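Hi,

Here is the structure I promised to pass along. Have a look at it, and then read on for what turned up.

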Amino acid sequence: MMRNSKDSELRERARQVIPKGMYGHESVALLSEDFPQFFSRAEGAYLWDCDHNRYVDYMCAFGPNLLGYRHRGVEEAARAQAAMGDTMTGPSEAMVVLAEDLVSMIGHAAWAMFCKNGSDATSMAMVTARAYRDRRKILVAKGTYHGAAPWNTPNMKGITAEDRAHIIYFNYNDLDSATEAFRKADGDVAGVFATPFRHETFNDQYAPSAEYALGLRKLCDDADALLILDEVRTGFRLSRDCSWSVHGVQPDLSAWGKVLANGYPISALLGSEKARSAASSIYVTGSFWFSAVPMAAAIATLREIRTTDYLERIVANSTRLRAGIAAQASAHGIAVRQTGPSQMPQILFDDDPDMRKGYFWASFAVRSGVYLHPYHNMFFNAALTTDDIDNTLDITDRAFAELKRRLFSLPAQSNELVLQRLGR
């Protein structure tokens with residue numbers, strides 16, 4: 001049995017000094033008590049909580065861990081830069097090198113600007129798009145996640161109607177709906193945000209059609225508006241270029257984050273030549289946006305992306321796990337839906353309106369040392385081995401067996417926050 005006394009102590013201490021004890025997407029308020037809130041260390045594909053329990057980690061810090069926690073090459077580059085300086089009165093040479101690397105790797109990119117979080121990058125994209133032709137309207141697909149700024153956060157508490165006065169919503173993967181949004185904007189479209197594939201919490205994931213991707217590109221071209229591809233969650237896990245390159249579509253702007261420095265805090269806005277003047281005209285900045293250590297770590301990360309088979313290994317291992325889980329579910333007579341790319345899997349259960357099946361299955365895995373998530377898409381990293389996959393499949397098989405045994409006696413979902421989220 002896993003111990004959780006230290007985690008429980010830290011949660012209680014946190015409640016005294018942090019609103020709700022924790023906030024944001026890394027809060028475990030929507031999870032069962034089996035999920036630890038606090039961790040002590042990470043290495044490769046593994047996490048250790050503050051009670052020294054080890055997990056094979058399929059969340060990868062909600063994305064940033066691409067190559068493996070504390071990857072040697074990345075850590076060496078970061079330490080070398082730290083010995084010379086990090087946050088200084090101006091940036092280091094690393095900023096120029098990093099921009100050169102990204103421009104050489106990403107098909108549409110002619111320039112790069114750096115910040116810290118995905119929300120920074122998408123907000124900078126919005127401002128750049130508005131500066132491009134001095135227009136106001138930003139088109140966003142309903143329900144898509146593009147960060148936690150007032151114009152895009154999914155939680156409307158503290159947000160005013162004025163914060164979104166010039167956001168027009170349309171239906172994802174629906175070209176007619178996007179066309180109607182352009183018509184409604186009446187010539188005032190600055191830019192359109194596009195998600196490479198639909199990957200919202202508590203829902204199945206799915207890819208858009210090529211017709212939709214090409215259609216958005218044409219709508220933007222016809223209106224002289226900027227197409228913005230949000231690669232913050234997907235970048236370098238689906239492709240070594242922009243994700244929609246598979247459709248032959250290149251955006252005008254793309255927002256990147258999470259994996260860029262394998263866990264060091266940095267994000268980026270990349271843009272085409274036609275958007276350079278607009279990007280040059282805006283004022284965006286941050287005291288830590290120019291820090292050298294994350295940039296050195298990003299240079300080392302991009303070198304691994306260019307020169308190794310990291311992506312092929314991730315795809316092979318994620319495909320192996322997906323096939324194994326599908327076979328196990330079938331053998332136990334339990335229907336699951338595995339959606340999205342295998343390297344960013346979402347696993348939900350059929351006939352599970354209050355998610356009691358999914359929560360039981362994921363909680364069993366966590367108690368057994370495999371960190372799976374019941375409602376958020378997961379992530380693979382290049383440090384995972386075939387042994388890790390085999391060990392995971394041993395645990396998921398046992399989780400399915402126990403779920404089958406308890407299927408008709410599972411208690412109803414008791415987490416009121418989950419029930420509210422599900423509209424129940």
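**What turned up**

L10 lies in helix α1; helices here are DSSP runs of H or I with at least four residues, strands are E runs of at least two, and both are numbered from the N terminus. Before going further, note that this is a predicted model: local features need pLDDT of at least 70, side-chain atom pairs count only at pLDDT 80 or more, and totals for chains, interfaces and linings use all residues. Residues are numbered from 1 along each chain as its sequence is written, and side-chain values use heavy atoms, with hydrogens and water left out.

Back to L10, which is buried, with a relative accessible area of 17%. Buried means under 20% relative accessible area, exposed means over 50%, and partly exposed is in between, using a 1.4 Å probe and protein chains only. Not counting residues up to four places away in sequence, L10 touches F38 and C50, where contact means heavy atoms within 4.5 Å.

**Two loop residues**

N53 is in the loop between β2 (46-49) and β3 (54-57). N53 counts as buried, at 8% relative accessibility. Leaving aside neighbours within four places in sequence, its contacts are M2, R3, L47 and W48.

S92 has its place in the loop between α2 (72-82) and α3 (93-105). S92 is buried too, with a relative accessible area of 15%, and, leaving aside neighbours within four places in sequence, is in contact with Q81 and A292.

**The sheet**

There is an open sheet of seven strands, in the order β4-β10-β9-β8-β7-β5-β6, with mixed pairing. Two strands pair if DSSP finds at least two bridges between them. The edge strands are β4 (111-115) and β6 (167-170), each of which pairs on one side only. Ignoring direction, neighbouring strands of this sheet are turned by 20° against each other on average. For angles, axes are lines fitted to C-alpha atoms (for helices over the stretch in contact), and values run from 0 to 180 degrees between N-to-C directions.

Strand β4 pairs with β10 (residues 267-271) in the antiparallel sense, over five bridges. One detail from that pairing: the bridge partner of A112 in β10 is L270.

Which strands does helix α4 lie across? Helix α4 (residues 118-133) lies across β4, β5 (137-141), β6, β7 (189-194), β8 (226-230), β9 (253-256) and β10, and runs at about 25° to β10. Helix α6 (residues 210-223) also packs on the sheet, where it touches β6, β7 and β8, and its direction makes about 145° with that of β8.

**Aromatic rings**

The structure holds 15 aromatic pairs. Rings of Phe, Tyr and Trp (its six-membered ring) pair if their centres lie within 6.5 Å; planes under 30 degrees apart count as stacked, over 60 as edge-to-face and the rest as tilted.

One of the pairs is F35 with Y371: the ring centres are 5.4 Å apart and the planes are at 80°, so this pair is edge-to-face. F35 lies in the loop between α1 (5-17) and β1 (39-43) and Y371 in strand β13 (residues 370-371), so the pair ties together parts that are 336 residues apart in sequence. F35 is buried at 0% relative accessible area, and Y371 counts as buried at 6%.

Another is W361 with F400, whose ring centres are 5.2 Å apart with planes at 45°, so the pair is tilted. W361 is in helix α10 (residues 356-367) and F400 in helix α11 (residues 386-406), so parts 39 residues apart in sequence are tied together. W361 is buried at 2% relative accessible area and F400 at 0%.

Ring pairs also link F35, F39, Y55 and Y371 into a cluster.

Two arginines sit over ring faces. R41 lies over the face of W48, at 3.7 Å from the ring centre, and R133 over that of Y132, at 4.0 Å. The rule is that NZ of Lys or CZ of Arg is within 6 Å of the ring centre and within 35 degrees of the ring normal.

**Cysteines**

How many disulfides are there? With a disulfide taken as a pair of cysteine sulfur atoms within 2.5 Å, the count comes to zero. The sulfur of C220 is 14 Å from the closest cysteine sulfur, in C242, which is too far for a bond. C220 is buried, with a relative accessible area of 0%, and C242 is likewise buried at 0%.
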